[in-house]
Amino acid sequence: MQPRVVTLNVNGRQHRVALAPNVTLLQALRDLGYTDVKSGCEKGDCGACAVLLDGKAINSCLVLAWQAEGAEIVTDAGLGTMDNPHPIQEAFADAGAAQCGYCTPGMIISAKVLLDRNLHPTEDEIREAISGNLCRCTGYGQIIKAIQMAAERMQDAGSRMQEAGSKETGGER
Amino acid sequence: MLPEFRLLMPQTLSEALDMLAAGAPKVVPLAGGTNLIVDLRGGRHRPSVLMNIAGLDELRGIRREDGHLVVGGGVTIAELLDNPLIAQYAPVLREAAAVFANPLIRNRATIGGNLVDGSPAANTAPPLLVLDAEVELASKAGTRRVPLDDFLVGVRQTLRQPEELLTAVRWPVPPPHSAAAFYKVGLRKSDAISVAGVAVMVACDEDGRCEQARIALGAVAPRVIRARAAEEMLCRQPLTDETIAEAARLSAEATRCIDDIRGSAAYRKRVVEVLVRRLLDEGVGSME
Amino acid sequence: MKYKAKPLPPVELPELRIVGKPLRRVDALGKTVGATVYAGDFSMPNMLYAKVFRSSEPSARIKWLDVSRARELPGVACVLTAEDLPDARLVTDMPGQTGQKRRAGSDAPVLAADRVRFAGEPIALVAAERLDIAERALELIEIEYEPLPGVFDPLEALKPGAPVVYEPDNIVARWKIRKGDVEAGFAVADTIVENTFRVPFVDHVYLEPEAGVAWVDERNVINIRVCTQVVEHFRSIARAVGVPHNKIHIQGTMLGGGFGGKEDITVEIFLALLTKHTRRPVRLAYTREESIQAHSKRHPFIITHRTGVKKNGRITAAEIRMVSNSGAYPYLSPYVLLYATGASCGPYRVDNLHVDSVSVATNNPFTSAFRGFGAAQAAVAYEQQMDEIAKALNLDPLEVRRVNYMKTGSRNATGQEIKSAIWLEETATRVLEALGEKTPDHGAIKVGQGFASYMQSYGRITWFHDTSRAWVGVELDGSVVIRCGVPDLGAGQVNSLCQIGAEVLGVGLEDMTIYSTDSALTPLAGTTTATRQLYMSGNAVFQAASRVREVLLDRASKYFEEAPEDLDMADGKVFVKLPPPAPPTRRGEGEPEKSLPLSELAAMCAAEGLPLSNLYLFRAPFTAALDPENLQGDVFPDFTFGAHAVEVAVDTETGEITLLKSVACHDVGRAINPAAVEGQIQGGSAQGLGYALMEEVQVKDGVIQTPSLSEYLIPTSRDVPITKAIILESGTGVGPFGAKGIGEPALTPAAPAVANAVANAIGVRIHDLPLTPERVLAAVDRAGGDKETG
């Protein structure tokens, strides 16, 4: 079994690393230092390892690292930082949605794909979007509230940007 | 860690088929990995060579062609769920896609993978059976089409030969006066392996008599099966409470369930009868 | 039946600045941006990877064990078996344990030598250069077992002639209560109701499987960075490894969930042994399957209630038998049984009470602590029994409870007088009122409503002489440090301490930094278990901060030439309070302020050698151990009371249950952070709802049949409604600011509420959890049968 040098594009950074074919994307990411990607079950039952692969939320434990070459990989840590958190990360923090925090990175990935598609999700749509992410601490209540809060804040930010844009063009649309 | 294997990375379908021809039976195709990676990790499978087909464009795409819907084997369950052609021409398949595992799995699991895995609980099989689907199997030697009902042989056994890939699934656009529906019972509301999964399709003539009925039962036999006796009984009959109840009873008779950690055979059999009845009622209701 | 919330007695709770506010927790942002480092996220240079070789047999003699091929595999640094360990025993008894004789031979061995008693028992340890090499090494270990007859059912294990799991017999613990005169009580009963309830093995399913890294440093100290609920295990670890106590250093990490499953030692001793033998850092991380196999489970219980009642529902006598399944080793079984025994009759006045409880060894996975710790299992039984009594008497379920509820000043089953508020009727009426009108049945769907009241202790058993320590100090720039050994399971343990410290010292939450969970560098605060941390460490922080505050105000009073009582601290300043009517914590407009930044005051104190910090040791009440032949006396510092109500829809043809509504109401004394309290209530409820509907570690002849999260199911976002959390604050708790505890209480009433709702929906009781669709259909059949036979 021969390792091969693959290039993984993670959170905008290129990593060239020699990997055996049987290394999962989860392992490769964690070995590269992306320990925000969590291992909860290694078989797609829990969603803790969720990352974006070309914009789709997937379980990184079920993807081989070689399969992810050439794709754009985004982890929770790639969405924002302590100094500059993403609105979803901020909303999760404000709403108390992270208790032990172990499900949180994967949960935020699922929330991101939902909100990228739909900034006015119903509660049912939120539940569906996170139905692959198990949480044992919160009962999902404050997670749902956090996603609703993030949606509202992102809507406001969007409309403020639109207003700013239209002001620049003298109010013409 | 997963066991060791070589991983082939073909760039085109043709290259993939060449690799399969050269390496069969040792080469195992890997698409979404949602079953295969789990099997590898659990030691159920120790292939020495895997072949990645997850990126092959030729296996993608959903189109309408010659009165048929054609879905590439590499189409993901999420793509089925979002696709307008599926919504319009195969809502029963969409229903199954909606309760297939969870959104993260759906983004990787493929329709081809679901079928070649040959699990008796495969979610896409009951709807595809009532849609009278065929699978397209391609190899270097050529392409053949096999009715899905023949393709599924037993527990994790299908007619796919080691040098073949399931490149497409196709079915005729359902007739106008027809309706189909799917329901599965699991032990929780999401991400649950079926305890029993049923799909039903009925087509009626102008007098309300059943022209065609198809009933497919999942997780209640070594493979997903059609309840033929029930279907024959319904044919050319008006769809009344009595005939529907009888069809449901015959469907339950057709099961060959086992007891396992999710439920007893007796329970599964009983639930099949309930689901068939309800889905037939629903089908009749939606046609009125 | 329409319910109205019972009005609360008037409570005057002081308005506070930081405590009582749903502030963003200090640990929140690190978690959401993925910066928080958990035990398995940590690496050391030159690190080895460990794996544990475990028994596949539930009951066997090890005929021979050959690890030579594993040792010889290139890349394997070390393989350890029982032969290599001096006398390594895993001591599983609580410190200061009492009454129950510790049975010789009942401690679990660190590694099995000649005998295995459960499938999954550890036999050998491997450390290798890479994880895949360690895994390969496991495959090269050769073993031959001689299976021995095993016993898997606790009732079978009690019978004479049953295989003995470990000498002298299968009885791990017994407790009794003999209170009043049950014969006389039954004699005057109008009706006697008897039921037996069963609850299964349950897994904690914390999202973070057990993990840690250990290394030996230049002082020969074995450092273990690990997720644990107890840093004080360093003593037991030292003993097992054969080093002095001061050579084990536990660096506890933020846990990805605990729930009692990380209360016992998990990976620590394995890590310490491997690093000691190899002198290299070692990482051990369990897979999920290994976690399910290797760590403790919630005790299955068989609980029989026989209750005599008057026509109006008043209980005249209760006879309760409890059998718990201890599994292969005792761990905390005696104490879980104690809690269950004390809680057995529920929050009701029962003057004539006879309880016999026994914990029994079997060749099953071992059982130990899990949120609720026996009192949760007891509630599943007593609350269903109350509803059955209501049914037998044709009374409203709330009414039956009302005539029996304890009140402040009542004595519980062990005769302990409860001095804090007992808001049972207040909480029950609130959840019932919030539940509202029942959704109508439709077709085959029958809708039911049910509720449960409960009592749950907080704080540890008082004869353990529990203590906690905290150090609080003000830095010269006015920022504040807390040092406290408290482990944080994710419920906001460290954040609560910061809010308390900030409140007392008049700074913002953002000015607090806490260093925690280190057995050497932070004052020991005891276990994060038994819903004790807010009570114990919260009080310790409150007291430590208050002493610092005293020093500061004393110095400031000289500076301002005002009495200390006329000063206050807020917004990072010390200031002279305005005379009434201005509120004491706000400066008035236009008034020149007499204030001083905290940093300047701190600098002043430092220059004069005044102490800017305090280390406080908080003691819970110290009482004497009770007689196991009749548990009468004080056991706990205090109790939390509340209720949970649910509405369920039952499909009477498929047996599927859908939760429509869920409401919980708890008197938490004082909510330090209401958002965190709400989060605990919603999360604990979800665990309880899962317990009711879908969670069971199925074990057949000692072998787990539900090895992963595909088979062992916990609720997803589609399975549980958001539990509406109604938080009441009586201010009567013994925690800081009158707080009680909520961690375990949040779970306790949920499962019985669901069971009661399902019984209400289908008209017949299912006596065993979980309420699977199959059990529901069997019950529906019974209900139909009952109707037919009139």
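Which helices of chain C each supply at least two residues of the lining of the largest cavity? They are α13 (493-505), α14 (533-560) and α16 (674-693). Helices (H or I, at least four residues) and strands (E, at least two) are DSSP runs, numbered from the N terminus.

The model is predicted: local features need pLDDT of at least 70, side-chain atom pairs count only at pLDDT 80 or more, and totals for chains, interfaces and linings use all residues. Residues are numbered from 1 along each chain as its sequence is written, chains are lettered from A in the order in which they are written, and side-chain values use heavy atoms, without hydrogens and water.

The whole structure holds 9 cavities of 30 Å³ or more. A cavity is a set of points on a 1 Å grid over the protein atoms alone where a 1.4 Å probe fits but cannot get out; lining residues have an atom within 4 Å of a point. Volume is the space filled by probe spheres set on the points. The largest cavity has a volume of about 710 Å³. Its lining comprises 43 residues, with A491(C), Q493(C), T531(C), Q680(C) and G743(C) nearest the centre. The lining divides into 21 nonpolar, 15 polar and 7 charged residues. Here Ala, Val, Leu, Ile, Met, Phe, Trp, Tyr, Cys and Pro count as nonpolar, Asp, Glu, Lys and Arg as charged, and the others, Gly among them, as polar.

Chain C meets chain A through 53 residues of chain C and 49 residues of chain A (contact: heavy atoms within 4.5 Å). The buried area is about 3900 Å², with 54% from carbon and sulfur atoms; this is the accessible area (1.4 Å probe) lost on being put together, summed over both parts. The interface has 7 salt bridges (a side-chain nitrogen of Lys or Arg within 4 Å of a carboxyl oxygen of Asp or Glu). One joins E90(A) to R24(C), with the closest N and O atoms 2.9 Å apart. On the side of chain C that touches chain A, α1 (28-32), α8 (288-294) and α16 each supply at least two residues. The most come from α16(C), with 8 residues.

Chain B also contacts chain A, with 29 residues from chain B and 31 residues from chain A. The two bury about 2400 Å², 60% of it on carbon and sulfur atoms. R41(B), L104(B) and R108(B) supply 26% of the area that chain B buries, more than any other three residues. This interface has 2 salt bridges. R106(B) pairs with E128(A) in a salt bridge, the closest N and O atoms being 2.7 Å apart.

Key:
On a 1 Å grid over the protein atoms alone, a cavity is a set of points where a 1.4 Å probe fits but cannot get out, and a pocket is an open set with protein on both sides within 12 Å along at least five of seven lines; lining residues have an atom within 4 Å of a point.
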